[in-house]
Amino acid sequence: MNSLLNGNLWDTDPELFEIIKKEKQRQRHGLEMIASENFTSVPVLQCLSSCLHNKYSEGMPHQRYYGGNEYIDEIEILAQKRSLEAFRLSGEQWGVNVQPYSGSPANFAVYTGVVEPHGRIMGLDLPDGGHLTHGFFTATKKISATSIFFESMPYKVDPKTGLIDYDKLAETAKLFKPRLIIAGISCYSRCLDYKRFRQIADENGAYLMADMAHVSGLVAAGVIPSPFEYCDIVTTTTHKTLRGPRAGVIFFRKGVRSVNANGTKVMYDFENKINQAVFPGLQGGPHNHAIAAIATTMKQSISPEFIEYQKQVVKNAKRLCEGLMSRGYDIATGGTDVHLVLVDMRNAGLSGARAERILELCSIACNKNTVPGDKSALNPSGIRLGTPALTTRGLKEADIDRVVDFIDKALKLGQEITKISGPKIVDFNKTIEENADINKKVADLRAEVEKYSATFQLPGYETY
Ligand SMILES: *Cc1c(COP(=O)(O)O)cnc(C)c1O
């Protein structure tokens with residue numbers, strides 16, 4: 001036996017394995033509330049560590065640049081078929097590409113395929129809840145490659161209500177004449193009005209793409225409205241609410257687009273453009289282990305257990321929202337329809353950074369986020385909290401009440417620390433380190449959270 005080849009990681013590389021074990025412990029003992037994260041299933045992990053990882057298969061099924069792909073073809077075709085089924089799509093009207101390495105490459109492949117270089121794209125602004133890949137740039141720098149290789153123009157939320165300002169989008173789109181409008185969010189707690197997006201796209205001859213990366217699990221389960229009725233193209237990640245592998249998927253319309261006055265059929269032409277943008281345009285060999293994991297994720301997504309899970313994700317988010325509001329916290333848009341809550345900390349006397357930090361020290365993971373009306377994107381005033389990961393661990397509404405209690409305690413502790421430290425995050429951290437009384441309070445709360453968290457199941461392997 002060659003131990004490099006057949007040994008277990010814990011024997012061949014104990015140094016690395018120890019670190020992985022610590023990460024597993026962190027996951028077990030913390031409350032994971034980052035809205036984009038989840039704990040995937042054992043079947044997905046088994047696909048990811050399977051022999052499929054070894055195979056090169058550039059090209060599409062039955063049109064590969066390498067030999068030996070008969071089973072790889074079967075797997076990719078299965079992943080495609082199940083992806084369509086998961087979202088109740090007919091193979092006549094929709095095609096799908098399951099090769100994108102992740103959500104960002106999936107989006108870039110769409111732009112590359114259907115928007116010409118420096119063509120115009122509109123997406124929700126990053127500080128308003130959009131995603132970097134929708135074209136983020138600042139006054140001094142083009143941040144996302146979407147804004148470097150295409151011309152992007154953001155649309156915004158109304159700073160008072162926190163809701164997407166569709167009227168303003170319609171007005172701006174009329175001037176900017178985008179080729180593509182993106183309906184998609186990373187931090188927005190309300191359902192999108194895809195019908196309105198479609199109207200605006202049609203008024204300007206633009207394509208409409210939904211990026212449902214965050215909400216695809218909810219869409220698959222039918223818990224929120226589906227973008228497919230109104231969109232030309234839909235992209236998603238598969239590792240967020242969908243709870244699959246880290247990967248991306250692109251759905252595109254095919255078949256008849258419209259019929260001319262003289263009766264000629266006009267066909268959609270996305271299929272070749274998008275498939276060729278993915279490969280050979282942007283990517284090389286598909287990640288076949290991830291594609292298999294997508295296949296099994298899509299199978300899971302139509303099961304009653306999965307649908308129940310997604311319903312619980314939303315129930316838990318609503319309960320979280322109510323709990324925080326009842327304790328006096330402001331919530332952007334005043335509520336949630338989905339899996340996340342955006343807490344506006346401006347009236348709570350804590351910046352987003354300090355709130356994130358104190359929660360992290362208490363083993364509650366979330367992220368700071370801009371809130372509608374924020375003056376500075378560098379010093380955001382809110383935190384984004386999500387329920388997908390906790391719900392996977394089995395938490396129900398009553399458990400969420402307990403979580404609200406922990407969050408409230410931690411944030412109050414943050415306020416107490418701020419009174420001593422002043423508003424700077426360095427002083428804030430220093431006070432926690434150096435003030436023995438504060439240090440103990442943080443350690444006590446952390447211990448309480450960790451003890452509680454460890455009582456819930458965690459899918460995956462026992463120690464890693
Ligand atoms: C997470 C996300 C992406 C990017 O996905 P990655 O897998 O991180 O590249 C794209 N769009 C939206 C809306 C997202 O939330």
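Which side chain meets that of Arg190 in a salt bridge? The partner is Asp337, at 2.9 Å from N to O. A salt bridge here is a side-chain nitrogen of Lys or Arg within 4 Å of a carboxyl oxygen of Asp or Glu.

The model is predicted: local features need pLDDT of at least 70, side-chain atom pairs count only at pLDDT 80 or more, and totals for chains, interfaces and linings use all residues. Residues are numbered from 1 along each chain as its sequence is written, and side-chain values use heavy atoms, with hydrogens and water left out.

The domain assignment, automatic or from a database, gives domain 1 (51–301) and domain 2 (304–454). Their C-alpha centres lie 31 Å apart. Contact (heavy atoms within 4.5 Å) involves 28 residues of domain 1 and 24 residues of domain 2. The area buried between the domains is about 2100 Å². Buried area is the accessible area (1.4 Å probe) lost on putting two parts together, summed over both. Carbon and sulfur atoms give 62% of it. Ser189, Arg190 and Arg243 supply 28% of the area that domain 1 buries against domain 2, more than any other three residues. One salt bridge is found across this interface.

Seven strands form an open, mixed sheet in the order E4-E10-E9-E8-E7-E5-E6. Strands are DSSP runs (E, at least two residues), numbered from the N terminus; two strands pair if DSSP finds at least two bridges between them. The edge strands, E4 (94–97) and E6 (151–155), each pair on one side only. Strands E8 (residues 207–211) and E9 (residues 233–237) run parallel, joined by three bridges. Met209 stands opposite Ile233 in E9.

Terms used:
Helix = DSSP H or I, 4+ residues; strand = E, 2+ residues; numbered from the N terminus.
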